[in-house]
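Thanks for coming. I will go through one structure today, part by part, and keep it short.

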Amino acid sequence: MTEDHRAFADSVARFFAEEFEPNREQWTEDGMIPRSFWEQAGELGVLGATIPEEYGGLGLSRHFDTVSYLEQTKAGDSGWGLSVHNIATHYILAFGTEDQKHRWLPKLATGEHIAAIAMTEPGTGSDLQAVKTTAIKDGNEYVINGSKTFITNGASADILVLVAKTDAKAKSKGVSLLIVETADLDGYSVGRKLKKMGMKRNDTAELAFDDVRVPQTALLGSEEGQGFYQLMKQLPWERLLLGYMALGASQCALKVTLEYVRERKAFGKRVMDFQNTRFKLAEAATKIELLSAFLDTCLDELEEGKLTPEKAAMAKWWGSQTQCEIVDECLQLHGGYGYMSEYLISELYADARVQKIYGGTNEIMKELIARSLDID
Ligand SMILES: Cc1cc2nc3c(=O)[nH]c(=O)nc-3n(C[C@H](O)[C@H](O)[C@H](O)COP(=O)(O)OP(=O)(O)OC[C@H]3O[C@@H](n4cnc5c(N)ncnc54)[C@H](O)[C@@H]3O)c2cc1C
């Protein structure tokens, strides 16, 4: 980390301590993070760190985004949908026309608009070519029909990066991305806010489209059928940042566990003093160092345009697997208290599990890696 990264990390850490921590319980109960928190994050530069200045951001490198994800997860939160919001902005930045960038990025940088990415459907998740939602051209509009599920920030989103088929008969070549503004949109509805085992502060939701009409300028970029290519181009970054979230959450788990085992006594000594505890903590600290070093190599490669999809897949599966192992061992060291909601480790445990599922399941990640090995 450079001095600038450290200064940014300090201000994000302070932001979480002052603005998030006092509200943790209330927002968990509410099942969502209020818009005011997004706007405060926008003011601090957390939402627009990597958006160029001409579109209202700070024009910094992706190292600054990773700093934010690390500080968020080190503060023991993964419910706030910051990463999804930022990924959505990167789609517009990478593939949007000038008009689209000027129209949406400034509001995404300030938090005036909250973004979501709507890929998954009730009938398909891993197999994105099989999406059934359609966006069919009619004059100078697209007519959208279909439904999405498990959408992070779904209930609060003002902007959706929507995966739909502009050619229902074609497979990957029929997939396009549309940027949908949700305000006052006839035929659009947000269904249930889904009840989940973890990430309870996120308004993960179902979305439905019933003859929704959007202007043809909603198509991301200027050519239909580019959606699959656009998704594939952005996925390495999405997968790498999930690795960073795994790292921050693992660091948080180790920290709260160290605090606990130094205080807790059994058989007349501190739990910290049992050899098993010391070995488990040493193993966790080692895995954290290894993960951190691997992710930083990947991030440098990403900035140089050299990160391969298979290496990003390694960061995602191994990061989330390592996170789950560390959090599980750390919960065990808390004994029965680790299972109680008032101890942060129980939340970290529940939140960790989904990391192996979203962003492409870990099985799909291994498939991708294996494919790259299976070449003569
Ligand atoms: C809390 C949460 C938040 C989410 N947020 C979003 C979001 O913001 N936007 C969004 O679009 N989606 C989101 N998702 C959806 C998520 O990305 C999908 O759940 C995920 O991609 C898996 O899809 P699926 O649930 O349909 O599982 P399926 O694809 O049905 O998979 C079921 C099982 O089969 C395995 N499998 C499938 N294909 C293969 C294969 N080829 N080889 C080996 N095994 C295979 C999978 O690994 C898995 O174990 C979220 C999910 C959750 C739980």
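This is a predicted model: local features need pLDDT of at least 70, side-chain atom pairs count only at pLDDT 80 or more; totals for chains, interfaces and linings use all residues.

Which residues of helix 10 are the buried ones? They are I345, S346, E347, L348, A350, D351 and A352. What do they pack against? Their partners are helix 2 (24-30), helix 7 (227-263) and helix 9 (309-333).

G76 sits in the loop between helix 4 (62-74) and helix 5 (82-95). Is G76 buried or exposed? Its relative accessibility is 1%, and the cut-off for buried is under 20%, so G76 counts as buried. Apart from neighbours within four places in sequence, G76 is in contact with R24, R201, C252, L344, E347 and L348. Of these, E347 and L348 were in the list of buried residues of helix 10. There is also a distance to mention here: 8.7 Å separates the C-alpha atoms of G76 and I345, which are 269 residues apart along the chain.

Now the overall division. The protein is split into domain 1 (3-113), domain 2 (116-223) and domain 3 (228-373). Where domain 1 and domain 2 meet, the contact takes 31 residues from domain 1 and 23 residues from domain 2. The centres of these two domains, taken over C-alpha atoms, are 22 Å apart.

That leaves the ligand. Which domains supply at least three residues each to the shell around it? Domain 2 and domain 3 do. At the level of helices and strands, strand 1 (115-118), strand 3 (141-151) and helix 11 (362-373) each give at least two residues to the shell. By class, the shell has 9 nonpolar, 7 polar and 1 charged residues. Of the 17 residues around the ligand, those that come nearest are T120, S126, T152, T361 and E363.

Some individual atom pairs can be listed. A polar side-chain atom of T120 is 2.7 Å from a nitrogen atom of the ligand. T152 also places a polar side-chain atom by a ligand nitrogen, at 2.8 Å. With M119 it is a backbone N or O atom, which lies 2.8 Å from an oxygen atom of the ligand. How much of the ligand does the protein bury? Taken alone, the ligand exposes 980 Å², and the protein buries 63% of that.

That is the end of my part.

Terms used:
Residues are numbered from 1 along each chain as its sequence is written. Side-chain values use heavy atoms; hydrogens and water are left out. Helices (H or I, at least four residues) and strands (E, at least two) are DSSP runs, numbered from the N terminus. Buried means under 20% relative accessible area, exposed over 50%, partly exposed in between (1.4 Å probe, protein chains only). Contact means heavy atoms within 4.5 Å. A residue is near a molecule or strand if one of its heavy atoms lies within 4 Å of it. A polar contact is a pair of N or O atoms within 3.5 Å; within protein, one must be able to donate a hydrogen and the other to accept it, and residues adjacent in sequence count only if both atoms are side-chain atoms. Accessible areas come from the Shrake-Rupley method with a 1.4 Å probe; for residues, only the protein chains shown count as cover. Ala, Val, Leu, Ile, Met, Phe, Trp, Tyr, Cys and Pro count as nonpolar, Asp, Glu, Lys and Arg as charged, and the others, Gly among them, as polar. Domain bounds come from an automatic or database domain assignment.
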